[in-house]
Amino acid sequence: MSIFDYFRKSKEKQTASIAKERLQIIVAHQRTAMNQPDYIPKMQQDIVKVIKKYVDIEKDQVNVQLDTVNNCSVLELNVTLPQ
Amino acid sequence: MAKIIVVTSGKGGVGKTTSSAAIGTGLAMNNKKTVIIDFDVGLRNLDLIMGCERRVVYDFVNVISGEATLNQALIKDKRLKNLFILPASQTRDKDALTKKGVEKVLNDLSKDFDFIICDSPAGIEKGAQMALYFADEAIVVTNPEVSSVRDSDRILGILQSKSRRAENGGDPVVEHLLITRYDPERVIAGEMLSISDVEDILAIPLLGVIPESEAVLKASNQGTPVILDEKTKAGLAYSDAVMRLLGSNVDYRFITVEKKGFFKRMMGAGR
Ligand SMILES: Nc1ncnc2c1ncn2[C@@H]1O[C@H](COP(=O)(O)OP(=O)(O)OP(=O)(O)O)[C@@H](O)[C@H]1O
Ligand SMILES: [Mg+2]
């Protein structure tokens, strides 16, 4: 590290903090996926197929999640539609 | 009754075998009768790191299949009277380890050892699951780097759902985070995840931080667990981790950048 690195680093975003943000997202995702029934990914694909008949979307624009709220299972479907 | 500890990581090459050898040796140095088992069937390496590769006659799979007794297969360490190694088979495939067979060996060892250290293979498949299945505690070895942290989180999920303790619904496996190959200089420069970054993401208690150190390669070249080299930072950091595993409260060392003399700084030395 030279003195010049210090100047450069203060302007650019530090790569370690980018790493941390990316990890926080992927790990949260991983943890919900881990606790979900095995059929969820397959069901998500089917839902994407159905929506695709009507609107042009990508797989990652549909988020399917099963939550349990006070003994009650809630299937949450989140679709980001194009403008 | 022995305490069974798995050393695991998901990702390969992060320092599981180095850590198993160091921690197992450290426990024996503290008068705990310890056996280190190599679960990496087909890719035996613990024997090399421990320096007993020429004394391997029988292995873990031979014991499970009844071709040898446990006493025939256990290798006694030449340096420490309390330390034993059970090598992995080099020729069989991973299916040679059955749950029943592994359980029998662990039960037999449990009778006369204080600690059983299981050096897990990389991955999250059968081999890694076998190594962690019977564990009471887990040491999750993580490098401060994105793919290693992500894989550690995966293995934590498996510990919490697929271990014997998880299946039987008893106390969960006790989890410990061991960060290895840590380089404080790169952390200061913002190029490497810090200890607290990794702790924040994995959310398990820290057991130790082992610095990136040339001593590790030198120790492995000679077949000496690095913890026996008490002049090195990596060796001392492993000793501290062992003390914490035994319940002591030990301050962390080698996690900040040392002040360097002007000359050393000019030469860029001291890593
Ligand atoms: N603290 C450290 N500093 C420098 N090098 C290290 C350190 N810890 C481990 N290494 C090096 O990393 C490499 C991998 O170590 P090791 O074999 O212990 O990993 P592993 O997790 O057991 O690998 P595998 O997944 O293949 O079983 C080795 O070359 C070792 O010398
Ligand atoms: Mg290994």
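1. A word on terms before we start: two strands count as paired if DSSP finds at least two bridges between them. Please keep in mind that this is a predicted model. With that in hand, look at B:Ile37, whose bridge partner in β5(B) is B:Cys118.

2. That bridge belongs to a pairing of two strands of chain B. Strand β2 (residues 34-38) and strand β5 (residues 115-119) run in the parallel sense and are joined over five bridges.

3. Stepping back, you will find an open sheet of eight strands in chain B, with mixed pairing and the order β3-β4-β2-β5-β1-β6-β7-β8. At its edges stand β3 (75-76) and β8 (206-211) of chain B; each has a single partner strand, so one side of each is left without a neighbour in the sheet.

4. Now to a meeting of the two chains. Helix α2 (residues 15-34) of chain A packs against helix α7 (residues 146-162) of chain B at an angle of about 25°, their axes 10 Å apart. Angles under 35 degrees count as roughly parallel, and α2(A) and α7(B) are therefore roughly parallel to each other. The crossing of α2(A) past α7(B) is right-handed.

5. Who touches whom here? On α2(A), the contact residues include A:Leu23, A:Ile26 and A:Arg31, while α7(B) contributes, among others, B:Val149, B:Asp153 and B:Ile158. Sorted by class, this contact has eight nonpolar, three polar and four charged residues.

6. Finally, confidence. Chain B has a mean pLDDT of 94, with 96% of its residues at 70 or more. For the model, ipTM is 0.84 and pTM is 0.88.

Definitions and conventions: Residues are numbered from 1 along each chain as its sequence is written. Chains are lettered from A and ligands numbered from 1 in the order in which they are written. This is a predicted model: local features need pLDDT of at least 70, side-chain atom pairs count only at pLDDT 80 or more; totals for chains, interfaces and linings use all residues. Side-chain values use heavy atoms; hydrogens and water are left out. Helices (H or I, at least four residues) and strands (E, at least two) are DSSP runs, numbered from the N terminus. Axes are lines fitted to C-alpha atoms, for helices over the stretch in contact, and angles run from 0 to 180 degrees between N-to-C directions. Angles under 35 degrees count as roughly parallel, over 145 as roughly antiparallel, 65 to 115 as roughly perpendicular and the rest as oblique. A crossing is left-handed if the near helix is turned anticlockwise from the far one by less than a right angle, and right-handed if clockwise. Contact means heavy atoms within 4.5 Å. Ala, Val, Leu, Ile, Met, Phe, Trp, Tyr, Cys and Pro count as nonpolar, Asp, Glu, Lys and Arg as charged, and the others, Gly among them, as polar. pLDDT is the predictor's confidence in each residue, from 0 to 100.
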